[in-house]
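Biologist: Take me through this model, please. I want each label set against its definition.

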Amino acid sequence: MDALMETLMGNVDWLEIGWASWDTLVMVGMSLLFSVLIGLPIGVLLFLFGKRQLLEQPVAYAVLSFVVNVLRSVPFIILLIVMIPFTVLLIGTSLGVAGAIPPLVAGGAPFFARLVETSLREVDRGIIEATQAMGANVRQIILGALLPEALPGIIAGITVTAITLVSYAAMSGVIGGGGLGDLAIRFGYQRFQTDVMVITVALLVIFVQVLQMVGDRLVLYFSRK
Amino acid sequence: MIVFDQVQKSYQVAGRAIPALHPTSMTIETGEVFGIVGHSGAGKSTLVRLINLLEPATGGRILIDDEDITRYSAAELRAFRRKVGMIFQHFNLLSSKTVADNVAFPMKLAGIYSKAEIRGRVEELLARVSLSEHANKYPSQLSGGQKQRVGIARALACRPTILLCDEATSALDPQTTQSVLKLLGDINKELGLTIVLITHEMDVVRRVCDRVAVMDAGRVVEMGPVSDVFLHPRHPTTRDFVFESENIDRNDLQEDLQKAEGRILRLTFKGESTYKPLLGSVARESGVDFSILSGRIDHIKDTPYGQLTLSLVGGDLDVAMQALEAADVHVEVVR
């Protein structure tokens with residue numbers, strides 16, 4: 001049995017895999033947190049400034065929308081490289097777990113903002129009208145009606161963003177980002193250690209599956225339908 | 001009292017002003033149930049939304065209890081809206097909140113009620129609309145009629161003086177419509193609330209309204225007490241609505257009339273005379289034979305009424321008509 005494991009997975013250092021998994025968790029967790037913190041208000045503003053919405057502002061909408069589109073249209077692998085000077089300025093290094101987080105947020109936040117905008121647009125206009133008719137101001141409409149009503153959509157958006165960030169985090173291994181992606185590139189790709197590659201990919205698959213499952217459960221719980 | 005003084009509303013579409021409501025003046029009295037009937041696109045939805053300025057007016061003055069609400073600041077307008085409840089065709093309940101939280105929502109937004117006050121008021125309102133046992137359910141677990149009752153409880157939460165109903169029964173089946181209309185009528189009587197109700201069904205107007213305005217293409221074309229407008233419609237649009245509500249096909253009616261012999265009269269009676277055995281005695285006195293071509297006995301709100309179309313043959317027609325008019329029957333000679 002041991003001999004079989006040795007031939008099949010001779011290159012696998014389980015401690016290293018464990019640390020890399022933890023690093024991926026930290027990168028995804030931290031970048032998801034900041035993506036949501038930054039993306040949610042941007043998404044709400046995009047919605048409010050949109051055509052025939054509460055605070056219709058064509059110019060502000062165009063500017064915000066343009067910035068979001070630019071960040072979203074740069075392929076993530078390029079964004080990783082373009083962001084390096086900015087990342088160094090922000091946290092002193094562009095390497096490792098910490099160095100990967102700013103580009104991950106730059107990729108995740110605008111993505112999430114669009115998902116928030118879409119789920120807010122899906123809230124029935126009648127709900128906004130009814131809340132206005134009760135004498136609510138814009139802040140009350142957003143916090144009291146729009147966000148609670150859009151919550152299932154927003155949670156689904158967080159799930160999609162988290163999964164996107166898992167793949168982005170793996171990609172950051174290319175520029176020395178750390179985590180499972182880094183392991184896969186350094187050992188699986190550059191040293192032809194197929195067993196390491198298989199294990200890292202399997203772990204990433206499991207990670208994504210768990211995220212999707214938890215997300216779906218939460219959406220179902222908050223849907224109240 | 002709600003007073004419209006030359007109020008108008010137009011929308012800017014591709015640089016042109018499209019009128020939704022032509023300059024309109026009218027008065028809705030405190031405590032009455034006022035119906036606005038019209039086809040979709042006639043402007044009734046716009047009219048009702050002008051009363052709480054969900055649609056800003058583009059001209060004229062809207063006076064509510066002698067205050068011009070078109071001059072209100074944003075904060076004043078929000079405070080005013082708390083005194084105007086509104087219910088909707090599709091209920092517009094928050095699916096993320098329970099029944100009790102939906103009813104509590106306007107009170108929470110107002111920010112002037114204590115938690116205990118809100119809890120007490122919600123209990124009282126849910127009991128009023130017979131939904132106490134559903135307090136902790138979510139709207140998706142309720143039937144249409146129950147949802148609308150939650151809507152009514154929510155609209156009453158801040159003790160409004162005006163209740164606006166936007167096609168409130170249009171998404172409900174006939175039986176549920178009846179119970180919701182009865183609830184609205186009861187609320188109007190108990191609380192002395194002014195109700196403004198828009199609908200495309202004349203039947204809804206007939207059941208609960210005191211007065212009605214008929215709208216067509218952005219204008220009020222006819223207005224008055226429901227019995228007058230309903231029994232003696234003048235404008236073609238009003239006639240269409242009345243015929244529609246009575247399920248009368250105009251072509252069929254014309255055919256029937258052509259086949260009938262003699263004079264054709266339409267008799268309208270209201271109130272107590274509805275139940276009097278009038279036709280038999282009139283026929284005996286005047287020697288006129290009659291046959292009934294169409295007829296209906298029903299209620300306008302609480303007043304019974306009847307409307308019969310008769311063909312009369314032989315005898316003394318003048319005596320018959322005099323006897324009918326003497327008995328407080330409105331006689332219209334159709335042919």
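Biologist: What makes H5(B) largely enclosed by the rest of the structure?

Modeller: Of its 13 residues, 10 are buried, so H5(B) is largely enclosed. Buried means 20 or more other C-beta atoms within 10 Å of the residue's own, with C-beta atoms placed from the backbone. Among the buried ones are Lys147(B), Arg149(B) and Leu156(B). This is a predicted model: local features need pLDDT of at least 70, side-chain atom pairs count only at pLDDT 80 or more, and totals for chains, interfaces and linings use all residues. Residues are numbered from 1 along each chain as its sequence is written, and chains are lettered from A in the order in which they are written.

Biologist: Which elements do the buried residues of H5(B) pack against?

Modeller: Strands E6 (84–88) and E7 (162–166), plus helices H3 (99–110), H4 (115–128) and H6 (174–191), all of chain B. Helices (H or I, at least four residues) and strands (E, at least two) are DSSP runs, numbered from the N terminus.

Biologist: How many residues of chain A are in contact with chain B?

Modeller: 19, against 19 residues of chain B. Contact means C-beta atoms, placed from the backbone, within 7 Å. On chain A, helices H7 (125–133) and H8 (138–171) each give two or more residues to that side.

Technical notes:
A residue is buried if 20 or more other C-beta atoms lie within 10 Å of its own, exposed if 12 or fewer, and partly exposed in between; C-beta atoms are placed from the backbone. Two residues are in contact if their C-beta atoms, placed from the backbone, lie within 7 Å.
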